[in-house]
Each structure stands twice: as C-alpha cells, then as structure tokens.
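Subject: Structure handover

Hello,

Here is the structure I said I would pass on. Please open it alongside this email.

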Amino acid sequence: MSYRPVPILMARDLTLSFGTLCALESVSLEIYPGEVLAIVGESGSGKTTLLNTLYGVLAPGAGEVRFGENGELDRCVQTLPRQQLRHLHRSAWGYVHQNPRDALRMEITAGGNIVERLMAAGEKHYGTLREKALFWLQKVEIDPKRIDDLPTTFSGGMQQRLQIARTLISHPYLLFMDEPTSGLDVSVQAGLLDLLRNLVSEQRMAVILVTHDLAVARLLAGRIAVMQRGRIIETGVTDQVLDDPQHPYTQLLVSSVLPA
Amino acid sequence: MTIYYNFAYLDEGTKKKIRRTLLKAVAIPGHQIPFASREMPLPYGWGTGGIQVTAAVIGPEDILKVIDQGSDDTTNAVSIRNFFRSTTGVRTTTSTREATLIQTRHRIPETPLHAGQILVYQVPMPEPLFKLEPRVSETIALHAMADYSLMYLKLYDQITRYGRIAIGYEYPVIVHDRYLTSPSPIPAYDVPKMHMSPALQLFGAGREKRLYAIPPYTRVIPLDFTDYPFDPVNTRQPCALCGAVESYKDEIVIDDAGNRQFICSDTDFCEHRR
Amino acid sequence: MNLLEVKDLRKTFTLHLRGGLQLAVLRNISFSVAAGECVALVGPSGAGKSTLLRTIYGNYRAESGSVTVMHDGELVDLTRVPPQQLLVIRRHSIAYVSQFLRVIPRVSTRAIVASVLKDQGVRSPDADARAESILLTLNLPLRLHGLPPATFSGGEQQRVNLARALVTDHPVLLLDEPTASLDAENAAVVLSLIQDAKRAGRAIISIFHDPDMTVRVADRQIPITSLTENDR
C-alpha cells in the first residue's frame, strides 16, 4: 500500500511584482490535509505576499492557485467569482491577522464578533448563537462572563484569541495565519502557541503559517518553506530544515538566531 | 414680474429621466438606483428627493396630499403643498382616502391605502447599512452578495444590550425576499403597513441621489431572530382628542408643569374620527 | 523480524558559511535491528553516534543509502518518503529521544507528554492518565505534573523527554544518552523500562555514556568511529 497524499491547495509558478520590485518569483507549493506549513524568511522575503496571493486578496501576474477540499483541485482562486471567494473566506477558509484589530469589529461585543460567521451562514436563532459564542469563548480560554464586553476592553492576547474563535467557528479546513503571535507580549505568546497547537490538532485543519520566528515554526509546523527574495529556496520537514539546512541562506538564517 | 415654471417645476427631460429611473426601481424592488438629483428651491434635508419624485409623476388629474410626521398642517407640509399647487394647479386635499398621490415625511397614514394610490417617501439616508459600513464601495458589494450579516450583528448586539431589538424607527426590512432596504425614518410601528400594500411606494433621497421603489403587493419583511420576533413599540394610551388606541401617537407637553397628552400623529385620521 | 534496516548510510555536512567546508561524518553504515532487540552505538565522543541516530530519524538528511523501517506492516525507506509521510511514520512507528527538551514554554509536563498520544488520536482523559502513569514510573511525582518543565533539574527534564517516547508503543525507539543526567536509582528505572520495551517487541537503538549500562541492556554493540582521511 503506497501512501499518496492528495493536496488541498496547489500553487504553480506564482509571480508577482509591485512595479519593478519582484515580490514573488515563480513560487510553487502544495498543502496537504491537516498539515501545518510554516513559511519563514526575513522581512521583504515575500512571505506575506505569498500568503495573501494564496488566499486570493492579491492577484499574481502569472501562475495560479488551485484548491479543493477533496483533492480534486478543480477550483482556481484567481478565477473564482468574487461572491464565491468571499463565501469561501467566511466559511471553509480562515485568516488570522497579525493584528487582531484588523479582523475584529471593535464596536461589536465579543459574542457578536464570534458569531458573525454563523449569522452570515443563515443562523437566525439568538439563543443558539449565544450558546455557540459561550462555547467558543471557553475553547479559546476567555472568561465567558466577558461575552458582552467590547474588544477594546480586552488585552492584546485576548483580542487575538477572540479573532481565533471568530475564525474557527465555521470549522475551516484551511487556515492562513500571518505572524499570529508576533504582536503579542512574549509572556502571552506561549499560551497562544499552545492554544493554536491544540486547536489545529483537534480540528484537523491545514494551516499555512507565516512567521519570521523560527522557534514558532519549529513548535507549530511539521513542514517548513524558507523564502528569500521572493523565492522558496528550501523546503522540507521542519526539524530537518532547521537542524540540517542545505541551502547557504538557510544555514545563515538558522545560525543567526540568538539563543535566549 | 411673473415667473412661469414648467408643469411641476422640473423640465420635461428631467421628469422623463426620473420616471425612467423609477421604472428601473420598480423592476428591482428595494434596490437603490442612483439619479442625477436636481437643484431644487430648498436645501438638502428638506425633502428635495420626495419633491422630485412627486414632480416627476404628478399629472393634472391627480389629487395631492402632503404630510409631515403624519400632519397636514406643519410648516413643511404646507410649504410643499403650496409649491405643487402653484406649479401644477392640481387639487390638493388632507383626506387620505381621497388623495391619489401622497408625499410623506416619516409616517405612513393610518387609513389603509387602496390600489391606484402612490405613496412618495422623503428619505434622508437610503442606505440601511450606512451606520455600520459607511463605505459605498463596500455596501454595493454587500447588497450584490445579499450579505447582511452586519445588520444581524446590530440586532444581536441590541438584544444583548437591551434584552430586545430596540430599533424605534428606520427599521431594516427585506423587500421581495432580496434587498435590505431602509423604509425611511418611519416608526417601526408603521412597517407592517408596507407589506403587500395595494399602493405603489416610491422613495426619493435628494442629497444622497438615490431612488428606490416597492411595487404594489410586494413582500416586506422586517429583520428579526426566530426567538426575538419583530415586536414594535407603541403606547396603548388612547388619543386625547378622538379616543383611538391603535394609532401612532405624538406625546405633547401641554403646560409648564410638564403635563402631557397623547394625540394621534395622523391628523386626517384623527379628524375623521371626531 | 527486522524492524529497522540501515544500509550504506552516508552523511556529509557542507558548511556554506565556511566557504563550503565539507565534514564527512558517516560512511557505509549498515546494520539492522530486530523486534525485541536493543542495539547500542559505541565509540568515542564526536565519532558520529548522535549524528547517526538523527540521520536515521530524518532529523538530518541522509546523503545516500537507505533507512528502512517497518510501518503499518510494510517496510518503508525513510530517506525517500514525502515529508507528510515521514511525519506520519514518526507519529506511529519510530520515536526519538534527544538530549534536549524542546517544548512550548509554560505548558504543563502532563500536557507535554499527553500531546504525543493526542497526536495519535487518543482522547483526553485516557491520554492524561497514561501520561501520568509513565511520569510516575519515572519517579516524577504528581506535584510536578502540573508544572512546566522549564524549572526542572537536568535529570528531571531528561525523564520528561523519555516519558514522551515511552508513553506510546512506537515499534522503533532511538535513545540518545537516555541516562546521562540520571542518578543510579533513576537510571535503573530507565533500564528496566527498556527491558520492558524489549519484551514488548520493540526495537531499540541507544547510545549510553556508561559502558556498564551498555552491557546490561544491549544485545549487540555497533562501533562508530571517527572517519580517517582514508575513509572519506
């Protein structure tokens, strides 16, 4: 019995330039069900550009991103009608921003923020919505008593947890994360990383995680792709790439990390 | 020096354009259509949208009624009625039953409308999502995708804060099972009168330059939750003048001691009962 | 039955930051380990014993040769599988205990050990119970289970590391200096656990810093020596 994993997302030869600046140069990659792929690199490497191109909010000059939950890869992000892409973003896919304020509605209560996706999907029973909000507050370890508080009264770490709850409530099979812990205090990061690990494992989500922090990549990701100047220069099992880097740039990156 | 205006003040080309836009509005119930709002002899915020719609559809045989918050005799109602009388010469009336064309600010008459009547609403803000999403580029997309979760969010939040949906006026409705529409700032209590009305309902927003329409016998359903259904508030006090309980009331302070009376907001309805 | 077969394994490191300096570490390594066997890698410090373990596990990329492991009833070459499959095989069939404990900070010891089981799909009360059980066997008292291991002593951290490998039943175990920081009493516990693992039919490759341990538990010894100029 041979093991043939079937990808849920496949990018081929993505190229994107901002004017004369080439941000992505012929980038190809695949994501498999339930796996966590970290995209690492220094600032300017193109990792967030890549994430946003895969997600569909940036249009590449060349190349395409195909996807399909069942491995059919029959849909293409670039040619998907806007309404379908929007629906995808609010249900089967999720995006966790570095700054939770970019995703939360700060004038709506925590509970409201969490259930927005459900209302968009047609849930019209207030009691049910409230139940689900309480459930998810507990799941992301926010005191359920804060369900009617505004996010402006939450700490940064709590806001990030709220963003995670709001995104995961629709049980996406693919999650995009852009530096989910970078904006937070170090003391808060650990808890959030652990939460993410548990949720990802429990929900069996695939995750594309952009981070400049190799330690976060090592802790969360099974596979890693290293980017330099718009290209993926090395990719493989995380601990292998970080402990036995082959490419000169990867060796430089790994050796540059300051030990705590 | 006498100045003569074209019939109903606007030139024929303008009236034709507005009528074309209204036809489009009627064809897509509840959907806002942009129009080139003209300079009118009164500033924005005083009913220029409603006046342009009335001017576009009024004919010499029409009988016009103009009300403002239900009353025929406020300054604005009187001024607008005079304006049309002097630019068209049509018969005017205070009787809802008798009128063929009714322009209204912020109320629907208590007396049920019949087929053949046109109700023209003055609309300050045609976009029901405006307070939640001020960007027109966004609201256009939301309407196109029928994505109204923002409004449900507002309702959810109200239930959280007040234990009930507390929207008193300008209650959001879904027209013809498709578009989220602002009924204009009529009281929530008036919204059920819009549903399956025999009359043609036209909406004009002059400052915002939008027209929309609800054809006769169209479904108009207020937004709510299944466990928190639409339940508008109205005082159960009888009218101090005519004794009516079901009509929408104005609360009027009658002396310096702060004593108040509830009186029907719809003056014609009240008079007929007395 | 052989659970692990290493054939003509070769590993050279290329240090690009040193102008492409090549460090040859492993040449022509071949051996196999059967179910119930414990094989000890012996040799001087720096000879490449840890490197060999890591290369077998896939932590280092093999230059050439093969590492075949029994997974799901089939022999699979770890040096040739796609990354996703390597991760699956590690989750179920081959476990590695390094000398370092690398974990998310501020996560409890119990949760760290239980997460290995949860990755296999074992549910919470069960996973936590088994984690507790192995931690107790390794003489880590209950009061420590709720604490993150960052403040533990070297020996305690090592036992947490071992717990992660011993809580499951991966058929192949790779142990890098499992008793290095342990006192005699705890080392004895570990030895007895290794004996249990052997009896359960697991295949074990281990590096012991103490020759006495080697003799007591290993069925065979494989010498690893530093490469001379001739070998390269």
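Below is what was found, chain by chain and then at the contacts.

Please keep in mind that this is a predicted model.

**Chain A: domains**

Chain A splits into two parts. Domain 1 covers 9-92 + 172-257, and domain 2 covers 106-171. Their centres, taken over C-alpha atoms, are 26 Å apart. The two domains touch: 11 residues of domain 1 of chain A meet 13 residues of domain 2 of chain A. On the domain 1 side, helix α6 (residues 186-203) of chain A contributes the most, with 5 residues. That side of domain 1 has 7 nonpolar, 3 polar and 1 charged residues.

**Chain A: a helix pair**

Look next at α5 (residues 156-168) and α6 of chain A. Their axes come within 10 Å and cross at roughly 10°. An angle under 35 degrees counts as roughly parallel, so α5(A) is roughly parallel to α6(A). From α5(A), the contact uses Gly156(A), Gly157(A), Gln160(A), Arg161(A) and Leu168(A). From α6(A), it uses Val188(A), Leu192(A), Leu195(A), Leu199(A) and Gln203(A). By class, the residues of this contact are 5 nonpolar, 4 polar and 1 charged.

**Chain A: a buried strand**

Strand β3 (residues 36-40) of chain A deserves a look. 5 of its 5 residues are buried, so the rest of the structure largely encloses β3(A). Val36(A), Ala38(A) and Val40(A) point one way from the strand. Leu37(A) and Ile39(A) point the other way.

Which strands pair with β3(A)? One is β8 (residues 206-211) of chain A, joined to β3(A) by 5 bridges and running parallel. Another is β9 (residues 223-228) of chain A, joined to β3(A) by 4 bridges and also parallel. Ala38(A) has a partner in each strand. Leu209(A) stands opposite Ala38(A) in β8(A). In β9(A), the bridge partner of Ala38(A) is Ile224(A).

**Chain B: domains and a sheet**

Domain 1 runs over 12-222 and domain 2 over 234-274. The C-alpha centres of these domains lie 25 Å apart. In their contact, 15 residues of domain 1 of chain B meet 8 residues of domain 2 of chain B. The domain 1 side divides into 3 nonpolar, 7 polar and 5 charged residues.

There is also an open sheet of 3 strands in chain B, in the order β7-β6-β10, with antiparallel pairing. β7 (179-181) and β10 (220-222) of chain B are at the edges. Each of these has a single partner strand, so one side of each has no neighbour in the sheet. Neighbouring strands of the sheet are turned by 35° against each other on average, direction ignored. Between β6 (residues 173-175) of chain B and β10(B) there are 3 bridges. Ile174(B) stands opposite Ile221(B) in that pairing.

Most residues other than glycine have a negative phi. Two exceptions are worth checking.

His106(B) has a phi near 65°. The residue sits in the loop between β4 (101-105) and β5 (118-122) of chain B. Is His106(B) buried or exposed? His106(B) is buried, with 20 other C-beta atoms within 10 Å. The cut-off for buried is 20 or more.

Asp72(C) has a phi of about 60°, and is not a glycine either. Asp72(C) lies in the loop between β4 (64-71) and β5 (74-77) of chain C. Asp72(C) counts as exposed, with 11 C-beta neighbours inside 10 Å. The limit for exposed is 12 or fewer.

**Contacts between chains**

In the contact of chains A and C, chain C gives 19 residues and chain A gives 25 residues. On the chain C side, the elements that give two or more residues are α2 (83-92) and α3 (109-119) of chain C. The largest share of that side, 5 residues, comes from α2(C). The chain C side divides into 9 nonpolar, 5 polar and 5 charged residues.

In the contact of chains A and B, chain B gives 13 residues and chain A gives 16 residues. The chain B side divides into 7 nonpolar, 3 polar and 3 charged residues.

Best wishes

How values were computed:
Residues are numbered from 1 along each chain as its sequence is written. Chains are lettered from A and ligands numbered from 1 in the order in which they are written. This is a predicted model: local features need pLDDT of at least 70, side-chain atom pairs count only at pLDDT 80 or more; totals for chains, interfaces and linings use all residues. Two strands pair if DSSP finds at least two bridges between them. Axes are lines fitted to C-alpha atoms, for helices over the stretch in contact, and angles run from 0 to 180 degrees between N-to-C directions. Two residues are in contact if their C-beta atoms, placed from the backbone, lie within 7 Å. Ala, Val, Leu, Ile, Met, Phe, Trp, Tyr, Cys and Pro count as nonpolar, Asp, Glu, Lys and Arg as charged, and the others, Gly among them, as polar. Domain bounds come from an automatic or database domain assignment. Angles under 35 degrees count as roughly parallel, over 145 as roughly antiparallel, 65 to 115 as roughly perpendicular and the rest as oblique.
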